[in-house]
Amino acid sequence: VPKVAVLDTGVQNGAAGLAGRINTTWAMSYVQGGNALVDPEGHGTHVAGIISTVASGPSARPGAIILPVQIADAQGSTSAQAVASGIRYAVMRGAKVINLSVQGAGFSKVEQQAIDDATRAGVLVVAASGNTGVEAKEYPGAYRHVLAVGAVDGVSLSVEPGKVLGVVGESGCGKSAMSLSIMGLLPRSATVEGSIRLGDREIVG
């Protein structure tokens, strides 16, 4: 079962729908006084629930195991060092997908280096493209080697080697579903139409 690292406000242990689907042994917090298995804001638990539901479909068996990595506090505040440390930790613990539902306007060299290293390790890094509706770049979605997703409703896709894969649409939680589609982890009941090619390789469809 693939491991998906959720870098967020934590994932509440015992939350409905996540029983048996959270890796509690290797959960890690990079928030002072934090606990990756306690989610004071609720956002990380919500994201984990979407990933788990989409990956499992109607089956009672987990389609993905969630690795909680707490990088943001109860107000959703984080730092470049926490993000980078969380990415490196997730790679070390064998995550196949890293989900980052955070956003900010500033470029960070330390974050980009961590993402580059994750990509070299064969890990897919997925991030929010932003909810502001402006044309300015928002990170981590704008970093190279990141799958940046805004929604899966009426999306358009553009893939260029070494650049960001941009998924444009209304704001929502589609980035997790899109990454699972690329990894081939969506249930058979899900429908994926169209084609995404990277070089000569088909990655969706």
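A word on pairing before you click: two strands pair if DSSP finds at least two bridges between them. Strands (E, at least two residues) and helices (H or I, at least four) are DSSP runs, numbered from the N terminus. This is a predicted model, so local features need pLDDT of at least 70 and side-chain atom pairs count only at pLDDT 80 or more, while totals for chains, interfaces and linings use all residues. Residues are numbered from 1 along each chain as its sequence is written, and side-chain values use heavy atoms, with hydrogens and water left out.

Of its 205 residues, 44% are buried (under 20% relative accessible area, 1.4 Å probe, protein chains only).

Now select strand S1, residues 3-8: six of its six residues are buried. Lys3, Ala5 and Leu7 are covered on one side, and Val4, Val6 and Asp8 on the other.

Then bring in S4 (residues 97-100), parallel to S1 over four bridges. Which residue in S4 is the bridge partner of Val6? That's Asn99.

Last stop, helix H1 (residues 43-56): its buried residues include Val47, Ala48, Ile51 and Ala55. Look down the axis of H1 and the buried residues fall within an arc of 160° (taken from the directions from the axis to the C-beta atoms), so they line one face of the helix.

Notes
Buried means under 20% relative accessible area, exposed over 50%, partly exposed in between (1.4 Å probe, protein chains only).
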